[in-house]
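The following note sets out numbered points on the model shown here. They are intended to be read alongside the sequence and the coordinates.

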Amino acid sequence: MYSSEEIAVTARPAGRSALRMGPAELVQAAAMARRFYLEGKSKIQIAEEFGVSRFKVARVLETALERDLVRIEIRVPAELDAERSDALRAHYGLRHAVVVESPAEADESPDPENLGEVAADLLGELVNEGDVLGLAWGRSTIHMAAALDRLPPCTVVQLTGVYDAGTAERGSVEAVRRAAQVSGGEAHPIYAPMLLPDPATAAALRHQTGIARAFDYFDKVTVACVSIGSWEPGISTVHDMLSDEERAHYASLGVAAEMSAHLFDTQGRRVGRDLGERCITVEADRLRRIPEVVAIAGGQRKAEAIAAVLRSGLVTSLVTDTAAADQLLTSEAGQRPALERADPDD
């Protein structure tokens, strides 16, 4: 019920109102409060112990709160913003929303690294033994995987190809291997680029044995972790992989966000679907059927993109920061909150 770190019970008068209670009343109220809040006993059990009715116990407990004999504090780690988290969850109809305090120096930077650390803890809560965990490429998922220190035994599958920007990080391949190592489960990485030159090349790769094996797991995924990008340089993996002409083309279609190589307009509707034919990625329909899809994205520059993806109905939970949350809370959530998993195109 409550831990001793969250509640304090005292029989000492704590204010003028408490002085109106006699010493016997004070001692009894404190004893009942201790039984209820600290020892977890029911009101019926307390009533039997003290020889009074459960209604009397309820009145005494209420009086103990009113007269400051009991003080209840709700505590979360300093980096978590509980109020914004709850407001964001309700606003978009999310299953889980966790808002992390934005670093003061990272106002213009997307996806602060501490988002990955919090997301790692969230996955530790959401993933159960025997689940299939899917990981899409993204800087935030890489940070998340690096921060993982606990996962129950589960299978881990890669949901997208990799993005090779000439850096040392190998993206989701390493993230998948890291998550599988922590959980002790099987790893199913995809050794292929996310974006291919044409649909025929992409189709041929999808039929290669290792990639086809990973795709076979897509319908078994129970928890997925994805990243969100806004349509601008350095903030979207897909944007950075395309030519100037291709970027201009998709911009003309009204693209505002991308997630796992799927493009969305501001209302969460998918645009530029032809791009998916050239990509190694989980299909949007399959993603929508995954019971829990956690998006990790933050920063002011990504706020509009996050809102667009939430309106798509593909995401059930979000890990973000206060910079993005403040903008998200002023945005229209849409007629269909994310928890309903409804497709805005239908």
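**Note on the strands, helices and buried positions**

1. E4 and strand E5 (residues 155-158) are paired in the parallel sense over 4 bridges. Pairing here requires that DSSP finds at least two bridges between two strands. Leu135 has Gln158 in E5 as its bridge partner. From E4, Val132 and Gly134 point one way, Leu133 and Leu135 point the other way, and all are buried. Buried means under 20% relative accessible area, exposed over 50%, and partly exposed in between (1.4 Å probe, protein chains only).

2. This is a predicted model, in which local features need pLDDT of at least 70 and side-chain atom pairs count only at pLDDT 80 or more, whereas totals for chains, interfaces and linings use all residues. Residues are numbered from 1 along each chain as its sequence is written, and side-chain values use heavy atoms, with hydrogens and water left out.

3. The protein chain contains 15 helices and 13 strands. These elements are DSSP runs numbered from the N terminus, with helices (H or I) of at least four residues and strands (E) of at least two. Of the 346 residues in the protein chain, 50% count as buried. The accessible surface of the protein chain is about 16100 Å², and 48% of it belongs to carbon and sulfur atoms; the areas come from the Shrake-Rupley method with a 1.4 Å probe, and for residues only the protein chains shown count as cover. Among contacts in the protein chain with a separation of 6 or more, 69% involve residues 24 or more positions apart. A contact means heavy atoms within 4.5 Å.

4. The pair E4 and E5 belongs to an open sheet of 7 strands, with parallel pairing and the order E3-E13-E12-E7-E4-E5-E6. E3 and strand E6 (187-188) stand at its edges with a single partner strand each, so one side of each has no neighbour in the sheet. Within this sheet, E7 and E12 pair in the parallel sense over 5 bridges, and Val223 has Glu292 in E12 as its bridge partner.

5. What joins E3 to E13? The two strands run parallel and are joined by 5 bridges. Val99 stands opposite Thr320 in E13. Of the 5 residues of E3, 4 are buried, so E3 is largely enclosed by the rest of the structure.

6. Helix H6 (residues 113-126) has 14 residues and reaches 20 Å from its first C-alpha to its last, close to the 20 Å expected at 1.5 Å a residue. The expected span of a helix is 1.5 Å times one less than its number of residues. The buried residues of H6 include Leu115, Val118, Leu122 and Leu126. The partners against which the buried residues of H6 pack include strand E3 (96-100), strand E4 (132-135), strand E7 (223-227), strand E12 (292-296) and strand E13 (317-321), as well as helix H7 (139-147).

7. Helix H4 (residues 54-66) has 13 residues, which should span 18 Å at 1.5 Å a residue; its end C-alpha atoms are 18 Å apart, in agreement. Val57, Val60, Leu61 and Ala64 are the buried residues of H4. They cover an arc of only 100 degrees around the axis, which puts them on the same side of H4; the arc is that of the directions from the helix axis to the C-beta atoms. On the other side of H4, Phe55, Arg59 and Glu66 are exposed. The buried residues of H4 pack against helix H2 (23-38), helix H3 (43-50) and strand E2 (70-72). Asp68, which follows H4, has a positive phi near 70 degrees.

8. A further open sheet consists of 4 strands in the order E8-E9-E10-E11, with antiparallel pairing. Its edge strands are strand E8 (229-230) and strand E11 (270-271), each of which pairs on one side only. Strand E10 (residues 262-264) and E11 pair over 2 bridges in the antiparallel sense, and Phe264 has Arg270 in E11 as its bridge partner.

9. Ser312 lies in the loop between helix H14 (303-311) and E13. With a relative accessible area of 1%, Ser312 is buried. Residues up to four places away in sequence aside, Ser312 touches Phe264, Gly268, Arg288, Ala342, Asp343 and Pro344.

10. How many disulfides are counted? The count is 0 disulfides, where a disulfide is a pair of cysteine sulfur atoms within 2.5 Å. Cys154 counts as buried at 3% relative accessibility, and Cys279 counts as buried at 2%.
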